[in-house]
Amino acid sequence: MALTDDTLQERIEDTFEEMDLSLSEQNGELTVEVEAADYIEFCTTLQQNHKFQLDQLIDLCGVDYSTYGKEDGQQWQGKRYAAVLHLLSIRLNERLRVRVFADDDEFPVIPSVIEIWKSVNWYEREAFDLFGIAFDGHPDLRRILTDYGFIGHPFRKDFPMVGNVEMRYDDLQKRVVYAPVSIKERVNTPRVIRKDNRYV
Amino acid sequence: MSEVKNFTLNFGPQHPAAHGVLRLILEMDGETIERADPHIGLLHRATEKLAEQRIYNQSIPYMDRLDYVSMMCNEHAYVMTIEKMLKLEVPERAQYIRVMFDEITRILNHLMWLGTHALDVGAMTVFLYCFREREDLMDLYEAVSGARMHAAYYRPGGVYRDLPDVMPKYKPNRWRSEKDLKRQNEGRDGSVLDFIENFTERFPGLIDEYETLLTDNRIWKQRTVDIGVIPPDLAKQLGFTGPMIRGSGIAWDLRRKQPYEVYDKLDFDIPVGVNGDCYDRYLVRMAEMRESNRIIKQCVDWLRENPGLVMAADQKVAPPPRAEMKEGMESLIHHFKYFTEGYSIPEGEAYAAVEHPKGEFGTYILSDGANKPYRLKIRAPGFAHLSAMDDMVKGHMLADVVAVIGTMDVVFGEIDR
């Protein structure tokens, strides 16, 4: 049970008055956007303060916003990479989503929260592997899902769906070799953005 | 005395006890493990990236292939997220069908887990028993969806179709004797619901059978008691969910704490462990199967009494009935649009999670208003559990690694995605 009658949003607004947060609620889920500079302090408080007790990190995922809401050829204006955290408080039975954008698009860096939630270890490795987001302070930032020696970050929007290289066994060299892909990317159903007036 | 040095051992990825394609690098001091470093990703298929290029409904079959021993639960999380974003009401009958199949899936998953876990630890018989019952449940999958495993039965707005009135039977052929045929077709004379009811009546006795083999078995206890102990605080730190956190004594179950579908109307208990070792997690999962059986029974009773629709009526996001599509112009247009362009989800984001047999399985969808997800993130419980490998096996013997892998109930389809 919650210790006070305030909603999670009110408690966050009260506690972090000096921080530059932007809160939004959608589908009954609260999202907080926090600056990368305040990120560690913000998360530490969420985990330790008895008003929040967000003691479980359920998920951390990277997002590449470069084509968000855009048709082909248009450019996204804001920052490109973000990490989205899903937090859960078992005691208060509450969930919170935290989004933090990396300041630099060329070399995105976000501080690591591994000191706060141990379970973030592999999630940060995954985001690093798939999006190339570096987590400052992570003790063991290696690739996790892709192949040993893989080049590139496959979940970035500019990484082609079919990949860059393909692998086959070469009978002459008697070993597995890599070669540029021989297939072409194709789109069966075009992507269309519709503004459905039922939801606006 | 010769100097004994640490050495590294490569476990898997083809080891039968690795449950698929786990590669473990173990740093050993004699036979004691100093450090475990799991290497995953050997089954990585980039499901999330594939989903970005497909309309929403085309990704439902991919969900089956994530955790390929609890197929319908994966679909459930995905369609729930879509329904949440569309604010779509699901008919009550469809909700009961989903809950019933979630629980059937839970039994299916736990039977697979029990069989392989026991096999790894050295008990062969349980494996055969478990697979005998799995066959009945797979037949149920087949009866409703046409596929034994990869069902694609849940759709945004409900389920693909109502439960059939007839349970399919085995047919005679020259390799099957009269006697065998009679035994195989036992309980299949009525509808699918009759067969499920028949199963729920048999199943508690069958769980007793497994328990006779294991619960008080001295070898089983020697291999699992006090192995991989995780205290409650550490379990939270490591992001454990499902039977793994309940085994450590925290009564956390999404079906009860954040009820979805009709779980708040059903009567069931949440079993918890005490010590947080492999044996307690075994007991928790066994008790969970009995609870699932109770839930299935309640669903069968409700479904018998309450016929009705199983798909939402909103034809922008759910397909129109076939007969209507053949006659009405508007339904034909809806049908065509639905299956070619799909539907667009309004801009925004949502996360929905279900109590999957392995823990909290959730999907996070970020939509920019298109007919395809901008980003789909699958939160797989096994990923968090496997990342705790190092904490669980440190200081244990090599043989205990196998017990720990078994107790985590890892399936690489969901971990590697």
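Which backbone oxygen does the side chain of B:Arg417 reach? The views below are of a predicted model, in which local features need pLDDT of at least 70 and side-chain atom pairs count only at pLDDT 80 or more, whereas totals for chains, interfaces and linings use all residues. Residues are numbered from 1 along each chain as its sequence is written, chains are lettered from A in the order in which they are written, and side-chain values use heavy atoms, without hydrogens and water.

**View 1. Surroundings of B:Arg417.** The side chain of B:Arg417 reaches the backbone oxygen of B:Ile378 at 3.3 Å. A polar contact (a pair of N or O atoms within 3.5 Å; within protein, one must be able to donate a hydrogen and the other to accept it, and residues adjacent in sequence count only if both atoms are side-chain atoms) of 3.0 Å joins the side chains of B:Arg417 and A:Glu126. B:Arg417 has a relative accessible area of 2% and is therefore buried (under 20%, 1.4 Å probe, protein chains only).

**View 2. Interface of chain B and chain A.** Contact (heavy atoms within 4.5 Å) involves 71 residues from chain B and 59 residues from chain A. The two chains bury about 5,400 Å² between them, 49% of it on carbon and sulfur atoms; this buried area is the accessible area (1.4 Å probe) lost on being put together, summed over both parts.

**View 3. Salt bridge of A:Arg142.** A:Arg142 pairs with B:Asp37 in a salt bridge (a side-chain nitrogen of Lys or Arg within 4 Å of a carboxyl oxygen of Asp or Glu), with the closest N and O atoms 3.1 Å apart. Across the interface of chain B and chain A, the rule finds 12 salt bridges.

Note on methods:
Buried < 20%, exposed > 50% of the residue type's maximum accessible area, 1.4 Å probe, protein only.
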